[in-house]
Amino acid sequence: MDRSSHGGERVPWHCQPPTTIWRGHDRGAIERGRTVGSWTLYRDGKTIAPGEVVAPGQRLSWPRTIGIGAQHVVAMFGATFLVPLLTGFPPATTLFFSAIGTAGFLLITRGRVPSYLGSSFAFIAPIGAATASQGMATALGGVLVVGVLLAVVGLVVHLAGARWIDVVMPPIVTGTIVALIGLNLAPAAWGNVQAAPVTAVVTIAAIVLITVLFRGLLGRLAILLGVLVGYAVAVARGEVGFDAVRDAAWVGLPQFTAPHFDVAVLGLFVPVVLVLIAENVGHVKSVAAMTGENLDDVMGRALLADGVATTLAGAGGGSGTTTYAENIGVMAATKVYSTAAYWVAAGFALLLSLSPKFGELVATVPVGVLGGAGTVLYGMIGILGARIWVQNKVDFSDPVNLTTAGIALVVGIANFTWVAGDMTFEGIALGTAAALGIYHVMRAVARWRGTSAEPASPASAAREG
């Protein structure tokens, strides 16, 4: 491993301050490559040395960088398009704002956090509910409000630090909110499966098998490939029509829609802010762990950037955005964390969004395929919440944690509904409020009373009753 002088000691290059790596002015960086434009060329630009990674401010040769950028487009493709397909939003418009949002994210974070901003699954339920009751424009108003709130949170974090996020949203609360959002969508998946059960089952089976049959990038693209298999079956069964594709132009702007604001749907959307905070914080921490660089000082910028991207999407007709775990997988596989590759990905996505024919082709994906993919995706979102508990070693023998998760999950899964004047609060909003309120109230009272955290279980609860 290459090393350079730092304070009289030999320090691995990936542990040096980010500015010395990215600008290429330290002796170690000069030995590894030369500065070309905004990125330092990594070594010879071709081969990555064992145990090293290409840092965000570095790049490989342009042909290789372009190839990796194309991989990022493929990686985000399936999940990013599933959200507009499931919610009825125009796919090309969502892709357009995804590309714009990614470019903005790179600019606002000053190229320090490699990330693609794709469609967030946290918006599926509120958009679906708002669209069904008030229409697409009102749903877009909710998306825009979420973006503004997230941007405000980003500014606060940038000025005051991220410690308060951990206090307000401990792992038990974050994991519960993520889990109930996924599980709340289960009835929507079942509705689509019922429309074309054979196609849905084939799609589910294809995703399951591809996940375990292939390694590397193919395995990570199981959902996209499974959708393609299901799509082929749907075509064979006569479930797909191509008239709109034939009539669409090859080049043109996507369909833009102005938002409409209605306070009645805000209760559906506000909880999504908490999920986006958790996703962005997790993304920044993951990149920091994999590159060996401290990115805490850019956490606020990342939240602000995603807030701005989501605001723009809501203002023009796109789905809300978030940092994408699918692209984390590509970086882990290639060892390339270069932001140059993400600029390439944003460019590719923008070009695809400017083809109405391509957008109409994506829109032909039938409900049976969406039902199969949704069954897998919604379940995975639910289990991701459980993974947050496991990774943070949440102690469920503590009655506070057990009660917080138990009540909030039932509220979210059963889709409890509360109407207050013009506002309607459904399962996700009420479940989120329950998780936050129950945890902090119980924890405060327990500290005040000095009550012990006696291990709790259904048996002990029944005995106490």
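Visitor: Which residues lie nearest the centre of the second largest pocket?
Guide: Ile124, Ala125, Ala129, Asn184 and Leu185 lie nearest its centre, and 19 residues line this pocket. This is a predicted model, in which local features need pLDDT of at least 70 and side-chain atom pairs count only at pLDDT 80 or more, while totals for chains, interfaces and linings use all residues. Residues are numbered from 1 along each chain as its sequence is written, and side-chain values use heavy atoms, with hydrogens and water left out.

Visitor: What counts as a pocket here?
Guide: On a 1 Å grid over the protein atoms alone, a pocket is an open set of points where a 1.4 Å probe fits, with protein on both sides within 12 Å along at least five of seven lines; lining residues have an atom within 4 Å of a point.

Visitor: How much space lies in the second largest pocket?
Guide: About 260 Å³, where a volume is the space filled by probe spheres set on the grid points, joined across faces, edges and corners.

Visitor: Which helix gives the largest share of the lining?
Guide: Helix 5 does, with five residues. Helix 3 (62-87), helix 5 (124-134), helix 9 (186-195) and helix 21 (427-449) each supply at least two. Helices (H or I, at least four residues) and strands (E, at least two) are DSSP runs, numbered from the N terminus.

Visitor: And by class, what is in the lining?
Guide: There are 12 nonpolar, six polar and one charged residues. Ala, Val, Leu, Ile, Met, Phe, Trp, Tyr, Cys and Pro count as nonpolar, Asp, Glu, Lys and Arg as charged, and the others, Gly among them, as polar.

Visitor: Which residues of helix 5 are buried?
Guide: Ile124, Ala125, Pro126, Ile127 and Ala130 are buried, meaning under 20% relative accessible area with a 1.4 Å probe, protein chains only. Their cover includes helix 3, helix 6 (136-160), helix 8 (171-184), helix 14 (266-291), helix 19 (367-391) and helix 21.

Visitor: What follows helix 5?
Guide: Gly135, whose phi is positive, near 105°.

Visitor: Changing topic, how many aromatic pairs are there?
Guide: The structure holds six, a pair being rings of Phe, Tyr or Trp (its six-membered ring) with centres within 6.5 Å; planes under 30 degrees apart count as stacked, over 60 as edge-to-face and the rest as tilted. One of them is Phe81 with Phe358, edge-to-face at 5.9 Å centre to centre and 70° between the planes. This pair links distant parts of the chain, with Phe81 in helix 3 and Phe358 in helix 18 (residues 356-363), 277 residues apart.

Visitor: Is Phe81 buried or exposed?
Guide: Phe81 counts as buried because its relative accessible area is 3%.

Visitor: Which residues form a ring cluster?
Guide: Ring pairs link Phe96, Phe97 and Phe256 into a cluster. Both Phe96 and Phe97 are buried.

Visitor: Where is Thr339, and which side chain does it join by a polar contact?
Guide: Thr339 is found in helix 17 (residues 339-353). Its side chain joins that of Trp39 at 2.9 Å; a polar contact is a pair of N or O atoms within 3.5 Å, one able to donate a hydrogen and the other to accept it within protein, and residues adjacent in sequence count only if both atoms are side-chain atoms.

Visitor: And Thr321, which side chain does it meet?
Guide: The side chain of Thr321 makes a polar contact of 2.7 Å with the side chain of Asp306. Thr321 lies in strand 7 (residues 321-323) and counts as buried because its relative accessibility is 1%.

Technical notes
Buried means under 20% relative accessible area, exposed over 50%, partly exposed in between (1.4 Å probe, protein chains only). Contact means heavy atoms within 4.5 Å.
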